[in-house]
Amino acid sequence: MEGNKRWVSGNLRHPDRDPDRRQLVSLTQEPFGAILSCIDSRVPPELLFDTGLGDLYVMRTGGEAVGPVVTGSVEYGPMTSGTPLVVVLGHQRCGAVKAAYESLRDGKPLPGNLQAIVDALRPAYDRAVREGGADPVETMARAQVELTAAGLRSNQDLAPLVKKGLLAVVGAYYSLDTGTVDVLAGAPS
């Protein structure tokens, strides 16, 4: 979050981005966090948290959609090297969430493998429909973050780490307008 404050203010340090760091992490890595975020080109986690080489494991899928390979990728850091933080990062005006929302609302499947994203986001759509709100797509995007983070937090392999206090699984939301990341759920105490 300190890195995000630097991103918002423009006082970037660009840490861990030099040849010495590249050499240091060439043999091993110990990232302090894992980020599951959207594929959106406007939401690069390494930049908006002002981090560098070897600092983060980053997985990106449309609308933070998860499945076995993605979940395994998220599990990798905490289960193999003790990475203490997982952040599920959604964002404002998510195109994948909007497309899924419209597909589900209108009953019109998307072409190709895009339908797999729609199917993965259905629980968030269902929650958004129940909750209502002025902007149902934003409601759905936030619901997707919270549901995904909760699912990872209760995952059979990650839950014991969470229970022991060795892992925090946090849901967060990025504002495209301000550059600010706000924690929605799961912040460690």
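Me: Start with strand 3. Which of its residues stands opposite Leu36?

Reply: Val88 of strand 3 stands opposite Leu36. Two ground rules before we go on. This is a predicted model, in which local features need pLDDT of at least 70, side-chain atom pairs count only at pLDDT 80 or more, and totals for chains, interfaces and linings use all residues. Residues are numbered from 1 along each chain as its sequence is written, and side-chain values use heavy atoms, with hydrogens and water left out.

Me: What makes strand 1 and strand 3 a pair?

Reply: The bridge count. Two strands pair if DSSP finds at least two bridges between them. Strand 1 and strand 3 (residues 85-91) have 4 and run parallel. Strand 1 also has 5 bridges to strand 2 (residues 56-60), again parallel. There, Gly33 stands opposite Leu56. Strands here are DSSP runs of E, at least two residues long, while helices are runs of H or I of at least four, both numbered from the N terminus.

Me: Why are strand 2 and strand 5 called edge strands?

Reply: The open sheet has 5 strands in the order 2-1-3-4-5, with mixed pairing. Strand 2 and strand 5 (181-185) each pair on one side only. From one strand to the next, the twist averages 25°. At the strand 5 end, 4 bridges join strand 4 (residues 168-174) to strand 5, and this pair is antiparallel. Tyr174 has Val181 as its bridge partner in strand 5.

Me: How do you know whether strand 1 is enclosed or open?

Reply: By accessibility. Buried means under 20% relative accessible area, exposed over 50%, and partly exposed in between, with a 1.4 Å probe on protein chains only. All 5 of the 5 residues of strand 1 (residues 33-37) are buried, so the rest of the structure largely encloses this strand. Both faces are covered: Gly33, Ile35 and Ser37 lie on one side, Ala34 and Leu36 on the other. In a regular strand, side chains alternate between the two faces of the sheet.

Me: Why is Ser26 called partly exposed?

Reply: Its relative accessibility is 47%, so Ser26 falls in the middle class. Ser26 sits in the loop between helix 2 (19-25) and strand 1. Its C-alpha atom is 9.0 Å from that of Gly54, 28 residues away along the chain.

Me: What makes helix 5 and helix 7 roughly perpendicular?

Reply: Roughly perpendicular covers 65 to 115 degrees; under 35 is roughly parallel, over 145 roughly antiparallel, and the rest oblique. Helix 5 (residues 95-106) and helix 7 (residues 136-153) pack at about 115°, with axes 9 Å apart. They are therefore roughly perpendicular. Val97, Lys98, Ala100 and Tyr101 of helix 5 meet Pro136, Val137, Met140 and Ala141 of helix 7. Contact means heavy atoms within 4.5 Å. These residues divide into 7 nonpolar, no polar and 1 charged.

Me: Why does the helix 5 and helix 6 pair get its orientation label?

Reply: Helix 5 and helix 6 (residues 114-131) pack at about 80°, with axes 9 Å apart. That makes helix 5 roughly perpendicular to helix 6. Axes are lines fitted to C-alpha atoms, for helices over the stretch in contact, and angles run from 0 to 180 degrees between N-to-C directions.

Terms used. Ala, Val, Leu, Ile, Met, Phe, Trp, Tyr, Cys and Pro count as nonpolar, Asp, Glu, Lys and Arg as charged, and the others, Gly among them, as polar.
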